[in-house]
Amino acid sequence: MENNGGEKMRQKRRMVMMAAGLLCISAILAGCAKAQVQAQETAKEQMPVTLYLTRHGKTMLNTTGRMQGWCDSPLTEEGAAVAEKLGAGLKKAGITFDAVYTSDSGRAIETAELVLKNNGQQDLAVQKNPRIREVCYGIYEGAMPAEAYAPAAKALGYDSVDTMMGAVMSGAMTINEAVSAMAKTDESKTAETWETAQKRVMEGLREIADEAARKGQNQVLVVSHGMAISAAVAAIDPEAEAGELGNASITKLICDGGTFTVESVNDMSYIEE
């Protein structure tokens, strides 16, 4: 009787140990599977993201030579045509996008829609990010540049806007100094300095790049504005020459591991015949 009782006890212990072993193996396998998924997610997040940073098509206010920041105007016939050509050029080059973002300005949204339509991606949702708007010119919105920059030129000690802009062209001063000086003469205090706008735009671009990385999206179309794009380029690479960006030009940025680099600036090749 004692032997039978002892044998039953040993069998019970063996079953308990086997069950515990199985539980340990299951836990290890589950942990490995979880680690594998996390590794895959991490790898996905670390994939470089290419931003095709595009200036909107030509607008009515561009045509009349007026300051156009947060105020808006529609694309002209020429502006719509160049956006269509950009879409067709990208399609010809075999470039498609995983996502598309624009500022919340109508001219940027209209440009993106025309690009996508002519690139064969009209079903791709256009996502809006107000952080990539143009620089805000405050009371100078819609003004002629000579009127808008006159107080700034005086404040900086130049006898005319032409003289000040000549200094910008020669490199004696920078456009960001001129923009910031203009903002400081805005009595409404709503105009942005170059530094304020630059910080805002970079925050927007980082939001876009981070979201794309999380979703495994490698190629992203971003439609923004001339001065905003120039500010971003200067923030990333002060040595890169942005100059005056053409309507529907592409400036290519790479974001890899949270670090931006400028690959190309003001590329008009996609709209060339």
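**A buried alanine**

Analyst: Ala248 counts as buried, because its relative accessibility is 1%; buried means under 20% relative accessible area, exposed over 50%, and partly exposed in between, with a 1.4 Å probe and protein chains only. This is a predicted model, in which local features need pLDDT of at least 70 and side-chain atom pairs count only at pLDDT 80 or more, while totals for chains, interfaces and linings use all residues. Residues are numbered from 1 along each chain as its sequence is written, and side-chain values use heavy atoms, with hydrogens and water left out.

User: Where is Ala248 placed, and what is its phi near?

Analyst: Ala248 sits in the loop between H9 and E5, where helices (H or I, at least four residues) and strands (E, at least two) are DSSP runs numbered from the N terminus. Its phi is near 70°, a positive value in a residue other than glycine. Most residues other than glycine have a negative phi.

User: And Asn266, what is its phi near?

Analyst: Phi of Asn266 is near 55°, also positive in a residue other than glycine. Asn266 lies in strand E6, residues 259–267, and is partly exposed, with a relative accessible area of 25%.

User: New topic: how much space lies in the largest pocket?

Analyst: The largest pocket holds about 1400 Å³ of space. On a 1 Å grid over the protein atoms alone, a pocket is an open set of points with protein on both sides within 12 Å along at least five of seven lines, and lining residues have an atom within 4 Å of a point. Grid points are joined across faces, edges and corners, and the volume is the space filled by probe spheres set on the points.

User: Last one: what is Cys71 in contact with?

Analyst: Leaving aside neighbours within four places in sequence, Cys71 is in contact with Leu61, Arg107, Glu141 and Gly142, where contact means heavy atoms within 4.5 Å. The C-alpha atoms of Cys71 and Glu141 are separated by 6.4 Å, although these residues are 70 residues apart along the chain.

Conventions: On a 1 Å grid over the protein atoms alone, a cavity is a set of points where a 1.4 Å probe fits but cannot get out, and a pocket is an open set with protein on both sides within 12 Å along at least five of seven lines; lining residues have an atom within 4 Å of a point.
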